Amino acid sequence: QLQLVESGGGLVQPGGSLRLSCAASGFTLDYYAIGWFRQAPGKEREGVSCISSGGGFTNYADSVKGRFTISRDNTKNTVNLQMNSLKPEDTAVYYCAAVVTKSSVCPLWGMRYWGKGTLVTVSS
């Protein structure tokens with residue numbers, strides 16, 4: 001089966017760091033752009049970051065730019081999201097998703113495969 005599995009979520013204090021990982025099974029991510037999305041309680045799911053299939057292009061939401069870094073290792077079939085200087089407003093369930101595209105654009109409603117999410121809670 002084609003699956004994406006997120007890991008690395010948890011409870012962290014404001015200003016702390018977490019590293020999320022997205023691992024694919026059943027298919028290779030070589031031809032997929034991978035995006036990280038998040039959804040807080042009572043809010044719409046939003047895009048956080050996206051990385052192109054080759055890893056050469058990335059983009060970030062303005063709210064996380066300069067704090068989060070997305071990367072990928074196609075040899076390991078994984079994508080990571082390093083989150084630094086975390087804020088309470090970063091609290092959400094974080095999802096990774098994949099879509100076949102040569103761009104670094106990850107359309108929220110165009111992603112083909114989704115993980116089940118990992119919870120990130122930023123609180124003192």
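Over which ring does the charged end of R45 sit, 4.9 Å from the ring centre? Select R45 and W114: the charged end of R45 sits over the ring of W114, 4.9 Å from its centre.

A quick note before the next stop. This is a predicted model, in which local features need pLDDT of at least 70, side-chain atom pairs count only at pLDDT 80 or more, and totals for chains, interfaces and linings use all residues. Residues are numbered from 1 along each chain as its sequence is written, and side-chain values use heavy atoms, with hydrogens and water left out.

Next, the aromatic rings. Rings of Phe, Tyr and Trp (its six-membered ring) pair if their centres lie within 6.5 Å; planes under 30 degrees apart are stacked, over 60 edge-to-face, and the rest tilted. That rule gives five aromatic pairs here. Select F27 and Y32 to see one of them, an edge-to-face pair with 5.2 Å from centre to centre and 70 degrees between the planes. Both F27 and Y32 are buried (under 20% relative accessible area; exposed is over 50%, partly exposed in between, with a 1.4 Å probe and protein chains only). Bring in Y113 as well: ring pairs link F27, Y32 and Y113 into a cluster.

Now show the cysteines. How many disulfides does the structure hold? There are two, a disulfide being a pair of cysteine sulfur atoms within 2.5 Å.

Start with C22 and C96, joined with an S to S distance of 2.1 Å. This link is right-handed, with 65 degrees about the S-S bond. C22 is in strand β3 (residues 18–25) and C96 in strand β9 (residues 92–100), 74 residues apart. Strands are DSSP runs of E, at least two residues, numbered from the N terminus.

Then pick C50 and C106, whose sulfur atoms are 1.9 Å apart. The torsion about their S-S bond is about 70 degrees, so this disulfide is right-handed. C50 lies in strand β5 (residues 46–51) and C106 in the loop between β9 and β10 (113–114), so the pair ties together parts 56 residues apart in sequence.

Conventions. A charge sits over a ring if NZ of Lys or CZ of Arg is within 6 Å of the ring centre and within 35 degrees of the ring normal. Helices (H or I, at least four residues) and strands (E, at least two) are DSSP runs, numbered from the N terminus.
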